[in-house]
Amino acid sequence: MTANTNTQAVEPIDPQSVYAVLICDLVGLRFGPDGKPDPSEVRAHIEAKGGRFHAAALGDKAGLERGRVHFFYRPDLSTREELIEAAGDGRYDAVIAAATFLPAETVFPLAGVRIGAGTGNMGSRSWGGGSGEGGTAVLMNTPGINSRATAQMVMKAILKVLPDLPVDRLHERVARGAFDTGRELRDFPTEKLEGKTIAVIGYGNIGREVAKLARAFGMRVVIHARPRHRDWIEAEGFAFAADLGDAAEGADVLSVHVGLGKQDAQSGRYANAGLIGADVLSRMNKGAVLVNYDRGELVDVAALGDALDAGRVRHAAIDADLFKNASTDALSGPMLPYLDLVERHGDKLELLPHAAADTDHPSRVAGAKQAVDQLFDVICRKSVANAKGTVPPGYLSRGATTPQGIGPVTADHLLKLTSGECSELADVCDRQSRLWQALSDTPPAERGTIVAEQGEELVRLIDRFCLLAESLNLRGPYQ
């Protein structure tokens, strides 16, 4: 199923009802004429659906135009205190967030949507916190929206150190004319990325996109995921590892994409906190690269420090939230423990403030538009897409929606094929089948004539089938 992107039809709202939605993150990252991030694309989307966009806080809800969904744009909200003051009394029916953490004390009686895959920052008790288990409101996300952006940033992090050609040093010497290719290039041997092993931890949308990109670079891909994914992982040509340690064994790169998991109500600890610890790091090849562009808490930072000391890990790229109190300058967030490694290992670290995917303008806009659509579906039809956790009684869950080419193949993909598309697939398969059968029926020593006459056509048919399967979203696990 693909996301609803219809911006023309005005949504039917009960003329006596009024809804208020808080948007507490930027929904446009490109700068407009005023030099500020521009939300105009999402604003136009909201207004085309009959909603109202307000670049201000909600005042008196009784004064709002009825029969409308009103969106209040407050990307300036960031601290716990600010959010509780703005939304601790339930004045907003719903919320759209991206990176901002919503404390448990914030109240949204109807719903919350997180732009992106994980919902660890959606801490409101209205839906039972980040897992969405409990509460009376609906928790949703927009999975797959930033999967490709994140996966591409993961590859950028890897390519900065592998292959390990010191391009900065070479550039500096070449720029000042201090290098002789004939005599000195031999002093800089390197190894290509092809043939190296990457362990991808998690087979969600982002993990799968990372695996596909790594394979394109000729890497051997090992994926650790739940056993139920094994058949599809292997069907896509990746190696499956049931055990996390086995996945890390002999890996040159490890990239983690599993999310925080459930939070323990008593301790507050997430199930996957510290998942990448001493045992996992010790089983990687010496001089390996660690990429954590998921959640900062997933890595045992003390164990990472030891691995950097021992040279087991040569480089660690971490992308995690870092917050600074405007009044006291005090720092907080899951990036904080990594800062203790900077003095000893600054040259081996690349620390980003959860920017790998959150700075991609098209992804943010597409995710915000989808979040708006999902809220209109909840309000107008009691229909829920991309639910996380429990769907409250009275709502119809429509399963997952993802962008084209992201995520699993579903029955909906097959049902939406046109008769023409089915016919073309059948024709390509039939012509391929006849050529393969001809080769099968012919003794190997006599196949030369068939290959000489039909080999080019056969390869064209193979390429055509692969292209059709890709463009029609028919590749990947079936769900």
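The structure is a predicted model, in which local features need pLDDT of at least 70 and side-chain atom pairs count only at pLDDT 80 or more, while totals for chains, interfaces and linings use all residues. Residues are numbered from 1 along each chain as its sequence is written, and side-chain values use heavy atoms, with hydrogens and water left out.

The chain has 15 helices and 17 strands. Helices (H or I, at least four residues) and strands (E, at least two) are DSSP runs, numbered from the N terminus. For 479 residues, a compact globule would have a radius of gyration near 23 Å, and the 26 Å of the chain agrees with this; the radius is taken over C-alpha atoms, and the globule rule is 2.2 Å times the number of residues to the power 0.38. Along the principal axes, the C-alpha atoms fill a box of roughly 85 × 65 × 50 Å. Buried residues make up 47% of the 479 residues, where buried means under 20% relative accessible area, exposed over 50%, and partly exposed in between (1.4 Å probe, protein chains only). Of the contacts with a separation of 6 or more, 63% come from residues 24 or more positions apart.

Two strands count as paired if DSSP finds at least two bridges between them.

Strand β5 illustrates the arrangement. Strand β4 (residues 94-97) pairs with strand β5 (residues 111-114) in the parallel sense over four bridges. Within this pairing, A97 stands opposite R114, and V113 is the bridge partner of I96. Strands β5 and β6 also pair in the parallel sense over four bridges, and there A111 stands opposite V138. In a regular strand the side chains alternate between the two faces of the sheet. Both faces of β5 are covered: A111 and V113 on one side, and G112 and R114 on the other, are all buried.

Charged pairs form the next theme. A search of the whole structure finds 34 salt bridges, a salt bridge being a side-chain nitrogen of Lys or Arg within 4 Å of a carboxyl oxygen of Asp or Glu. One of them joins K49 and D373, whose closest N and O atoms are 3.1 Å apart. K49 lies in the loop between α1 (40-48) and β2 (52-54), whereas D373 belongs to helix α12 (residues 361-381), so the pair ties together parts that are 324 residues apart in sequence. Both K49 and D373 are buried.

A further salt bridge links K196 and E191 at 2.7 Å, N to O. K196 is buried, with a relative accessible area of 14%, whereas E191 is exposed at 52%. E424 and R464 form another, with their closest N and O atoms 2.6 Å apart. Because E424 lies in helix α14 (residues 419-441) and R464 in helix α15 (residues 448-471), this pair ties together parts that are 40 residues apart in sequence. E424 is partly exposed, with a relative accessible area of 31%, and R464 is partly exposed at 32%. Salt bridges that share partners also join E11, K49, D373, D377, R381 and R398 into one network.

R344 lies in helix α11 (residues 342-345). Leaving aside its neighbours within four places in sequence, R344 is in contact with G305 and D309. A polar contact of 3.1 Å joins the side chains of R344 and D309. Such a contact is a pair of N or O atoms within 3.5 Å; within protein, one must be able to donate a hydrogen and the other to accept it, and residues adjacent in sequence count only if both atoms are side-chain atoms. H413 is found in helix α13 (residues 411-415) and is buried, with a relative accessible area of 12%. A polar atom of the H413 side chain lies 2.9 Å from the backbone nitrogen of T410.

How values were computed:
Contact means heavy atoms within 4.5 Å.
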